[in-house]
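Please read these notes with the model open beside you.

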Amino acid sequence: MTDTQAVVLKDLKVGFGKVQVVDGVDLTLERGQAMALIGESGSGKSVTLRAILRLFPEGRSRITGTVAVSGRDVLGLSKRELADYRGREVSMIFQEPLLAFDPVYTVGQQITEAILRHEKVSKAEARARALALFERVRIPSPERRLDNFPHEMSGGMRQRAMIALALACRPQVLLADEPTTALDATVQIQILLLLRELQRDLGLSIILVTHDLGAAVEVADRISVMYAGHIVETGSARQIVRDPHHPYTIGLLRSRAEGAMDKGARLQTIPGSPPDLTNRPAGCPFAPRCFLAEERCRRERPPLGAVGDGHQAACWRAEEAAAAFRAGQARELACA
Amino acid sequence: MLLYILKRLLYVTPVAFGVSVVCFALVHLAPGDPLSAVLPADATQATIDEMRAAYGFDKPLPVQYAIWLWHVLQGDLGTSIATGRPVLGEVARAVVNSLILASVATLIGFTFGTLFGFVAGYHRNSILDRAASALSVFGVSVPHYWLGMVLVIIFSATLGWLPPTGAGPDGSGNWRPDFEHLRYIILPAITMSVIPTGIIARTVRALVADILAQDFVEALRAKGMNEWGVFKHVVRNAAPTALAIMGLQLGYLLGGSILIETVFAWPGTGFLLNAAIFQRDLPLLQGSILVLAMFFVGLNLIVDVMQTALDPRIERA
């Protein structure tokens, strides 16, 4: 681990009861970098994110592997250290800001509460800080909005307030769990642009969990694709979108609505459904749904292997997949 | 907020009117002549007519109602047929006694109910939860007059620690907050608190479990709040509902304690109602039912206002 690494996950495994939701994830986030974690529901992306804050009920979950944030071993923290670490070094914004705020306190109270929890400042100073944060995330008439209850704000404004809350104690790392999923399409892009701006201005390291490739490309420098608790492909945003090497990534790219809209063509989907995590098949977890699967894929699980500079894919037939994608692109261009 | 309270007060008026009509009608719909209970069996028709006229029973019902309501509005609930004393004084004394008993019982019920409820809600499906749940089911289902008698047998008859009946050593029926009178209230209050304890415990358990499962609790942990910090949020979120249940329980206890007050000879409204019914003491019955009903209405009003003050999502005026 070097000084430039904000978050390092090594062989992270998270299980609940009999279900192994995250099954050996390796991930490195450089300082000041934004990474998107994409995948469909149940792929383990949100659980991976929560593992960084250890946000699971103690007795009912098992976490093994390494979680290191700024060189600190998160899994070894005591209860008290963990509470001090949460929100101060790493904070999180949630999918549905209406549910992530306590409904019976004003938004301002909830932000000052976080500041007072971590820093020895007066109430007035905390409130002044909260006001400055509201201005920073560009909430109109911030002074008045601080005294709003969460239900008195619009969805976009609530998510801005959530971001203000997450930044309240100047954390190094910001985790965002599908921050735009619950918002209107027009508001989504504003929130994404705000995140990107904050990341650049404050030098934040961001991990963004989303199932929206468009959102991932908008914010992230790097994209990691998760499937059934594994990272199946990781690379720069450009590499993933332009030159995917894993059949699942290709499936995700093809199933985006934009391509199908204007041609009246059928929306492409990935056939089948994700595997049963209580009963994992041997071999590659994506093999049953894969258009390139061969005998070996069903027998042996492929490791993440380099397919380019900083670009890795976990597929025995990565080159064939990439070639198939390029051929598909060429065909589409020819048709258009 | 003030506007909201005024609005709520305005809403109460038709409810209060309806309550008065029902109170009056209920008593008159019941069969049996109120005067037959006080007059000797061989009274002449002239005497009966004279008494009927004196109490106003000879007039048509709507007129009787109007006269009764007019008096009620002036604070005159009539005269008890059985004792000849003003109903208002009798009812007031009984209400105070019932209120004392009900308050102590609710306090006990609320304390233990929230305690059990929080413990069970925080440790769902543990042994603690099962024990607390079993205890609350027992509390809700056990017949309280039976429990009262059992307690009397154990603590009064066998152990001799506490007096079995009455509100005080002198038998006057005026309870005072001193040690001697306190001993008299323990058994009836405990008996009475068993049901609210069970109901409040079950409600609070469900409430706490529900709150802990909400996203904002995870968000609180994510910003570094420790268990105590989270607990304060849970309490604040549970408070409106818990208080509403407590208020309603207090209301039920005020009116619904006939059995317990009779078992312990506690000179409250239940005891008074019991006597009024068996003696067919119409003015007393009407007066006590009306006062109790109005208590309920007032209590609901207070609970509503408190809920609004605690939970900003309930719309203000």
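Which residue stands opposite Met226(A) in strand 10 of chain A? Ile231(A) does.

Some conventions come before the points. This is a predicted model, in which local features need pLDDT of at least 70 and side-chain atom pairs count only at pLDDT 80 or more, while totals for chains, interfaces and linings use all residues. Residues are numbered from 1 along each chain as its sequence is written, and chains are lettered from A and ligands numbered from 1 in the order in which they are written.

1. Strands 9 and 10 of chain A. Helices (H or I, at least four residues) and strands (E, at least two) are DSSP runs, numbered from the N terminus. Two strands pair if DSSP finds at least two bridges between them. Strand 9 (residues 222–227) of chain A pairs with strand 10 of chain A in the antiparallel sense, over six bridges. Two residues lie between the strands of this hairpin, where Ala228(A) takes a positive phi near 50°.

2. The other partner of strand 10. Strand 10 of chain A also pairs with strand 12 (residues 311–313) of chain A, antiparallel over two bridges. Here Ala313(A) in strand 12 of chain A is the bridge partner of Glu233(A). A residue is buried if 20 or more other C-beta atoms lie within 10 Å of its own, exposed if 12 or fewer, and partly exposed in between, with C-beta atoms placed from the backbone. Strand 10 (residues 230–236) of chain A is mostly covered, with six of its seven residues buried.

3. The nonpolar cores. A nonpolar core is a set of buried Ala, Val, Leu, Ile, Met, Phe, Trp, Tyr and Cys residues joined through C-beta atoms within 7 Å. The largest has 99 residues, and those with the most contacts inside it are Ala164(A), Leu208(A) and Val225(A). Helix 7 (residues 155–166) of chain A gives the most to this core, seven residues. Apart from it lies another core, of 60 residues, including Ala102(B) and Val263(B).

4. Two residues are in contact if their C-beta atoms, placed from the backbone, lie within 7 Å. Ala164(A) lies in helix 7 of chain A. Why is Ala164(A) counted as buried? Because 28 other C-beta atoms lie within 10 Å. Leaving aside neighbours within four places in sequence, Ala164(A) is in contact with Ile111(A), Leu133(A), Phe134(A), Arg136(A) and Val137(A). The C-alpha atoms of Ala164(A) and Glu135(A), 29 residues apart along the chain, are separated by 9.1 Å. Val225(A), again not counting residues up to four places away in sequence, touches residues including Ile38(A), Ile231(A), Glu233(A) and Leu252(A).

5. The four-stranded sheet. Chain A has an open sheet of four strands in the order 2-1-4-5, with antiparallel pairing. Its edge strands are strand 2 (19–30) and strand 5 (72–73) of chain A, each pairing on one side only. Nine bridges join strand 1 (residues 5–16) of chain A to strand 2 of chain A. Among these strands' residues, Lys13(A) has Asp23(A) in strand 2 of chain A as its bridge partner.

6. The contact between the chains. Chain A contributes 23 residues and chain B 18 residues. On the side of chain A, the elements giving two or more residues are helix 2 (79–85), strand 6 (90–93), helix 3 (97–100) and helix 4 (107–118). Helix 4 of chain A supplies the largest share, three residues. The residues on this side of chain A divide into 13 nonpolar, four polar and six charged. Here Ala, Val, Leu, Ile, Met, Phe, Trp, Tyr, Cys and Pro count as nonpolar, Asp, Glu, Lys and Arg as charged, and the others, Gly among them, as polar.

7. Chain B overall. Chain B comes to twelve helices and zero strands. Its C-alpha atoms fill a box of roughly 85 × 55 × 35 Å, taken along the principal axes. Buried residues make up 35% of its 317 residues.

8. Helix 5 of chain B. The buried residues of this helix are Ala132(B), Ser136(B) and Gly139(B). Seen down the axis of helix 5 of chain B, they fall within an arc of 55° (taken from the directions from the helix axis to the C-beta atoms), so they line one face of the helix. They pack against helix 4 (87–122) and helix 7 (179–212) of chain B. On the other side, Ile127(B), Ala134(B) and Ser141(B) are exposed.
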